[in-house]
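Subject: Structure for you to look over, with notes

Dear colleague,

I am passing on the structure that follows, together with my notes on what was found in it. Please read the two side by side.

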Amino acid sequence: MIALASLMPRMTRSLPATRRTRRAALPALVAGLAALGGCLSVPDGPAPECHSTDDCDRAHGEVCEENVCWGNPPAGLFAAVISPPSSRHDLVSRELPQVAIPDFGWMGDLALEAPVLLGGKVVAACTTLAPCDPTPIAATITVSRRSQFQGGPGFKTVVNVDAGDAFSIPVPRTRTNDDPYTVTILPDATQKAGVRSAAELVPPRRMQVSVTDNTSAVPVPLGRPGLPVIRGTLTDSLGRGLAGYRVSALGRWDPTAQPTEVSTVAYTDAQGAYAVTLSDELAGPVELVARPVSPPDKPVVAPTLHVGDIDATQSSQHDVMLPGSLGGPVELAVVVQGPDPGGTVAPVAGAHVSVTGVVTGGSTSFTMADDQVSDSMGRVKLHLLNGDGIAGQYQLSITPPAGSTLGVVFEQKLPSLVGLTSYAPPPIRLVGRVKVSGRVVDVGGKPLRNAAVTARPSLRFLWGLEPEPQAFVAAIPAATTVTAESGEFVLWVDLAVPGVIESWGDYELLIEPPTSSGAPTIRSEFAIPRSSALEATTVPDIVLPDAAHVHGRITGPDGKSVEDAEIKLYLVSTQLTLCSEVPHAPASCPIPAQLRARNTSDSEGTARLLLPRL
C-alpha cells in the first residue's frame, strides 16, 4: 500500500485555500479505496523526510513543510535569473543580482517585470558611396547588456527585420545605476541578382541606449557623411584585376571584444577595385579582409587577403598584389582513420578536417585554407595552392565527431606540395582519447543512475593556452554521458593538445542528477595524470553532497503567480585569483558564475530548488 504522505501535494509557506481543500480530500480518497477492498498498486514514493520541524535541523533554521526539511542553505553570494514562459509576452526576463535565502529556505516573492519596447526603423543615411535613400533596409539587430552580477549570463536578444518593417523589441526597463543596452545593427548581406544588398550600401552601427519607456518607431540611420573610406585595387602578379572578391573590414567597438565586421561590404569589379566605408566610434585599428567568392557549382581556389593595422579614423588607399609564388591548384586527398572500440583500425566518418597555410609580408598576409567533413570512408578532398611561397606552410587540424573515442589533431605540419597537382598522404590515424571512468553516488553512498555527466576543459586549462589553441580546444564538442544503474559512467577526453608542449588536459565534470533523485547539481574538477602513455584513468567516487531545499514564488509585477516560469540560481565567484595564475586569461577576467540549481514554477507559482551543501 502506498503511503498517504507520498500522495500529498507539496505545500508552500502560505498555503492557498484550493490546496488545503485538495489535501483534505485525500483521506476520503484513501478511505474510499479501502472500502472497495483494493490497494493502489503503484511504486512506493520517497519516504517523508519529516513530519514536524522537530525532525529537521532546527539549530540551523530548518522547518518542516510538505514532509520536507526546508532551509539551512549553503553559504555564498547567490544571484538569480527568472524568465517567463514563452507564452507570456507581457513579461520579460529579469536578473536578481543578490537573492537572500533565509535559514528557513523561503525566498519569498520573486517578481518578473513588464517589458518596455525598444522600437525603431532602420534606414540608410546619406553617405559618400550611396545616395540618400529613405527606404528602410533589412538588418539584424542585437540588443545586449552585460550581467548585473559578476560572471552572469547578461541579457541578449537578436531579431531580424525585413526591409520596410519597424522593430519593437521587449527589454527590461533601464533603472538607476543600470548599464545601458548595447544595440548593434548589421545590414542584411543577402545577395540578389542585380540588386545591391543593404550591407553594400551602409556600414553597421553600434549604439548605447537606456530604455526607460516605450520608444516609437523613429528612423535609425546607418552611415553618415564623412565616415572613413578604405579604397584600393586587388591584382594578380601580372597586374590583372581580381574580380568578385568580397571585401570588408574587421574591427571592434569594444577593445575587449572579438573582431567583427565594422564596414560596408564591397565586391571587386573587373579591375579589382573596391571601396568600403567604416562605421564610427571604432576602438583601435581595423583589418581589411578580401575573400574569393566561389559559385555553388565550382570552388574557386584562391587565397584570402589580409591587410592589418589600418587606421580607422581616416580614409586610406590600400592596393594589394598577389605574389606569383602562390602557384596553382593542388588537390589534397586525406583519409582519416582510427581504432574502433574493438581495436580494429577503421575509417572515421564525420570528422572536421581543415588545412591552413599563411604567408606574411609586413602588414599584408595571404591565407589559403579549406575545410571539409569526412565521408563514410573517412575521406576528404581539399583544394589548395602549390606554389613554393605557400606550399610548405600548410598545417592540418582534425576534430572528430561529438562522442568519439578518438583524439584531435592540432596544426600538424604537412609535407611540401610544391609543384604537385594532387597529393594523397598516408592515412592519418587518430590516437585514442583517454578513457575516464567513475561512479556517482548520493550523500548516503547509494549509486545514482540517469545522472548526466559532462566533461569540459577547465578555465585553468583553457587560459593556459595561447589564443589559437585556446580557441581550438574550446570548440571541441563536450564529452557527455549518463550514469548506469550502478552509478558508473565512462567518458572520453583528450589527454593533451597535440603540438602544444606541456598543455595537459584539466577538466571540469558537471553532474546533473534527474529531478526525481533529490540530489543537487555539482561541478567537480579533475586533472589528467601527466603520462603520455596514459590510456585510461579512474576518478574517485563523486559523492553528491547533501541538498538544501529552498523555494520561492515567481510572480508578475501585479503580484499574481506565474506558472511555468524558470528560475536559475547562480553562485557568484568572489575569488578572481585564477586570472593572475594563468598566462592567457582574458583582460576582463570573466569567471562565470556557477549555475547551482534551476527549476520551473508550478500552478501556484512556487519554484522548488536543491542547492548543494559543498
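What percentage of the 614 residues in the protein is made up of buried residues? Buried residues account for 44% of them, where buried means under 20% relative accessible area, exposed means over 50% and partly exposed lies in between, as computed with a 1.4 Å probe on protein chains only. Please bear in mind that this is a predicted model, in which local features need pLDDT of at least 70 and side-chain atom pairs count only at pLDDT 80 or more, while totals for chains, interfaces and linings use all residues. Residues are numbered from 1 along each chain as its sequence is written, and side-chain values use heavy atoms, with hydrogens and water left out.

The protein has 5 helices and 43 strands, taken as DSSP runs numbered from the N terminus (H or I over at least four residues for helices, E over at least two for strands). Among contacts (heavy atoms within 4.5 Å) between residues at least 6 apart in sequence, 68% join residues that are at least 24 apart.

The nonpolar cores come next, each being a set of buried Ala, Val, Leu, Ile, Met, Phe, Trp, Tyr and Cys residues joined through side-chain atoms within 4.5 Å. The largest holds 49 residues, and the members that touch the most others in it are Leu234, Val286, Tyr394, Leu396 and Ile398. When neighbours within four places in sequence are set aside, the contacts of Val286 include Ile230, Ala249, Leu250, Val262, Leu278, Val307 and Ile310. Leu234 is also touched by Thr268, whose other contacts beyond four places in sequence include Leu242, Tyr245 and Val247. Thr268 sits in the loop between strand 17 (266–267) and strand 18 (273–277), and it counts as buried because its relative accessibility is 6%. Its C-alpha atom is separated by 8.4 Å from that of Gly241, which is 27 residues away along the chain.

Helix 4 (residues 467–474) has Pro469, Gln470, Phe472 and Val473 as buried residues. These lie on the same side of helix 4 because they cover an arc of only 165° around the axis, the arc being that of the directions from the helix axis to the C-beta atoms. On the face turned away from the buried side are the exposed residues Pro467 and Glu468. The cover over the buried residues of helix 4 includes strand 28 (395–399), strand 29 (409–413), strand 33 (452–457) and helix 3 (459–462).

Grid points are joined across faces, edges and corners, and a volume is the space filled by probe spheres set on the points. The largest pocket has a volume of about 1700 Å³ and is lined by 36 residues, with Arg146, Asp254, Thr256, Ala257 and Ser588 nearest its centre. Strand 8 (139–145), strand 9 (155–161), strand 11 (181–187) and strand 12 (205–209) each supply at least two residues of this lining.

There is 1 cavity of 30 Å³ or more in the structure, and the largest cavity contains about 150 Å³ of space. It is lined by 18 residues, of which Ile476, Pro477, Val493, Asp494 and Tyr507 are closest to its centre. Strand 33 gives the most to the lining of the largest cavity, with 3 residues.

Phi of Asn450 is near 60°, and Asn450 is placed in the loop between strand 32 (434–441) and strand 33. Phi of Asp564 is near 65°, and Asp564 is placed in the loop between strand 40 (547–555) and strand 41 (566–571). Asn450 counts as partly exposed at 44% relative accessibility, and Asp564 is partly exposed with a relative accessible area of 45%.

With best wishes

How values were computed
On a 1 Å grid over the protein atoms alone, a cavity is a set of points where a 1.4 Å probe fits but cannot get out, and a pocket is an open set with protein on both sides within 12 Å along at least five of seven lines; lining residues have an atom within 4 Å of a point.
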